[in-house]
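Hi,

Here is the structure I said I'd pass on.

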2 protein chains.
Amino acid sequence: MDLFISKYFNKIDKKGRVSLPSSFRNVLPKANRNEIILYKSIKSRSIEGCGVGRLKEIAKRINNLDFFSEDYDDFSTSIFSEIVTTSIDKEGRFLIPEELKLYAGIKTEAAFFGQGHFFQIWETKQGLKNTEDSRRRLLKEKKSLRIMLTQQK
Amino acid sequence: MDLFISKYFNKIDKKGRVSLPSSFRNVLPKANRNEIILYKSIKSRSIEGCGVGRLKEIAKRINNLDFFSEDYDDFSTSIFSEIVTTSIDKEGRFLIPEELKLYAGIKTEAAFFGQGHFFQIWETKQGLKNTEDSRRRLLKEKKSLRIMLTQQK
DNA sequence: TGGGATTATATGGGCGTCAATGGGTATGTG
DNA sequence: CACATACCCATTGACGCCCATATAATCCCA
């Protein structure tokens, strides 16, 4: 399976280490299996993460913008300076930078939510609440989606 | 990772030395790992820097401007004549020329912002403010950021 | 197919290494 | 000689690497 799926709740130890769920590790390309990128979610108080491969893709796109435009700087600043890369140790653990933990309100436990091509890290309670809210919105307001999700192939 | 990523805040000591963040050092080609170039940013009160190898890339970008335009001369002059090369000592530190520090308003701390193929050095407060402003502009006015960040290859 | 044995995963902790920082001295150039 | 800067060494704290354990999952063989 090459998608980030399901949810996991892992402890953050004294040194600040958390295990990246094993199934998430397996999604990373064998080449860069010991590195991921993290950044603040735009839409919620959570951290988003994925393999480094996507970063190179983004770099390429930004590089194609007009170098002397304001847009270039805005993209470049908002993305490159906000993204952090962290390495994963032999046991599959990594460090969440302090700033990102603050942003997401994470202290002693990290809740990992698979999102397909990327994943989110939440403070456990907020993450669970977000899941409920999402689901409620889906069921109440988006009948068409419900159809997509329940329809047989 | 061969890109300048993330942000770092390093102290400038009495002698005027600053550490180039370790992850930035690693972006420099192993050959010229002890030399970088610095120049005033055209668009902001910051210093831009990169490995010497990127000079060619900068030349190409300027060359793509209309040769007979005023812009051409302005960019060409502003950048090429202002470029300085500085060497990095064994501990990974370098000196920011006085003129550049003045231009950016840097005194005792330098804020390094990764920008992909180059990086910027800001006075800490201004740098943080710039990050916020950039992000705000993108979120309010440009849906494209969201697309870049969330869209799959 | 049951149940012990092996492997994997999450978690904890020790310790050496490296990064950031400080300072002292030599070298050099005006 | 004075100032700047290159070179050398020292300190501190963070992080990487290694080893250890407990629980859960998987395997394997009779």
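**A sheet in chain B**

Lys11(B) stands across from Glu109(B), which belongs to strand 7 of chain B. Strands here are DSSP runs (E, at least two residues), numbered from the N terminus. Before you go on: this is a predicted model, where local features need pLDDT of at least 70, side-chain atom pairs count only at pLDDT 80 or more, and totals for chains, interfaces and linings use all residues. Residues are numbered from 1 along each chain as its sequence is written, chains are lettered from A and ligands numbered from 1 in the order in which they are written, and side-chain values use heavy atoms, with hydrogens and water left out.

Strand 1 of chain B runs antiparallel to strand 7 (residues 109-114) of chain B, with five bridges between them; to pair, two strands need at least two bridges in DSSP. They sit in an open, antiparallel sheet of six strands, ordered 1-7-8-4-3-5 in chain B. Strand 1 (7-11) and strand 5 (84-87) of chain B form the edges, each pairing on one side only.

**Around the DNA**

Both chains come near DNA strand D (a heavy atom within 4 Å): among the residues around it are Arg17(A), Ser87(A), Arg17(B) and Ser87(B).

For Glu91(A), the side-chain N or O atom is 3.0 Å from a base nitrogen, and for Glu91(B) a polar side-chain atom is 3.2 Å from a base nitrogen.

Cheers

Key:
Polar contact = N/O pair within 3.5 Å; in protein donor to acceptor, adjacent residues only side chain to side chain. Helix = DSSP H or I, 4+ residues; strand = E, 2+ residues; numbered from the N terminus.
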